[in-house]
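I opened this notebook to record what I looked up about aromatic rings and nonpolar surface. The entries follow the order in which I worked.

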Amino acid sequence: MDGKHLSLKFFDFRSFIIMAFMMTLGIVLRTGGLAPKQFIAFFYTGLGASLLVAGIRFGYNFVNVVKEELEYKK
């Protein structure tokens with residue numbers, strides 16, 4: 001690894017603006033009652049499933065990288 005990095009450098013300024021807009025829109029949709037509960041349930045189910053799959057893939061790749069590094073050090 002090249003060292004520690006500041007976590008705020010993960011996104012550039014434009015990405016922070018997009019993220020703030022999406023969060024604001026989500027809060028307005030939920031608190032304003034602009035989206036029906038069925039839509040919110042469907043959306044959260046899809047979002048949760050995609051995050052679960054992404055987490056599993058990340059874990060799988062992480063384990064493979066650690067294995068490769070251990071084999072390389074032998």
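Entry 1. I took helices to be DSSP runs of H or I with at least four residues, numbered from the N terminus. I also noted that the model is predicted.

Entry 2. I looked up the aromatic pairs and found 4 in the structure. I turned to Phe 39 and Phe 43, whose ring centres are 6.2 Å apart. Their planes meet at 25°, and planes under 30 degrees apart count as stacked, so I recorded this pair as stacked.

Entry 3. Where do Phe 39 and Phe 43 lie? I found both in helix H2, which covers residues 37-73. They are 4 residues apart, about one turn of the helix.

Entry 4. I next examined Phe 58 and Phe 62, and I noted ring centres 6.4 Å apart. Because their planes are at 15°, this pair is stacked. These two residues are 4 apart in helix H2, which means a separation of about one helical turn. For Phe 58 I noted 58% relative accessibility, so this residue counts as exposed.

Entry 5. I looked for a cluster and found one aromatic cluster formed by Phe 39, Phe 43 and Tyr 44.

Entry 6. Which residues make the nonpolar surface patch of about 540 Å²? I listed Leu 6, Leu 8, Phe 10, Phe 11 and Phe 16. I placed Leu 8 in the segment before helix H1 (13-31). Leu 8 counts as exposed because its relative accessibility is 55%.

Definitions and conventions
Residues are numbered from 1 along each chain as its sequence is written. This is a predicted model: local features need pLDDT of at least 70, side-chain atom pairs count only at pLDDT 80 or more; totals for chains, interfaces and linings use all residues. Side-chain values use heavy atoms; hydrogens and water are left out. Rings of Phe, Tyr and Trp (its six-membered ring) pair if their centres lie within 6.5 Å; planes under 30 degrees apart count as stacked, over 60 as edge-to-face and the rest as tilted. Buried means under 20% relative accessible area, exposed over 50%, partly exposed in between (1.4 Å probe, protein chains only). Patches are made of residues with over 30% relative accessible area and no salt bridge: like charges are joined within 9 Å, nonpolar side chains (Val, Leu, Ile, Met, Phe, Trp, Tyr) within 5 Å. Accessible areas come from the Shrake-Rupley method with a 1.4 Å probe; for residues, only the protein chains shown count as cover. A salt bridge is a side-chain nitrogen of Lys or Arg within 4 Å of a carboxyl oxygen of Asp or Glu.
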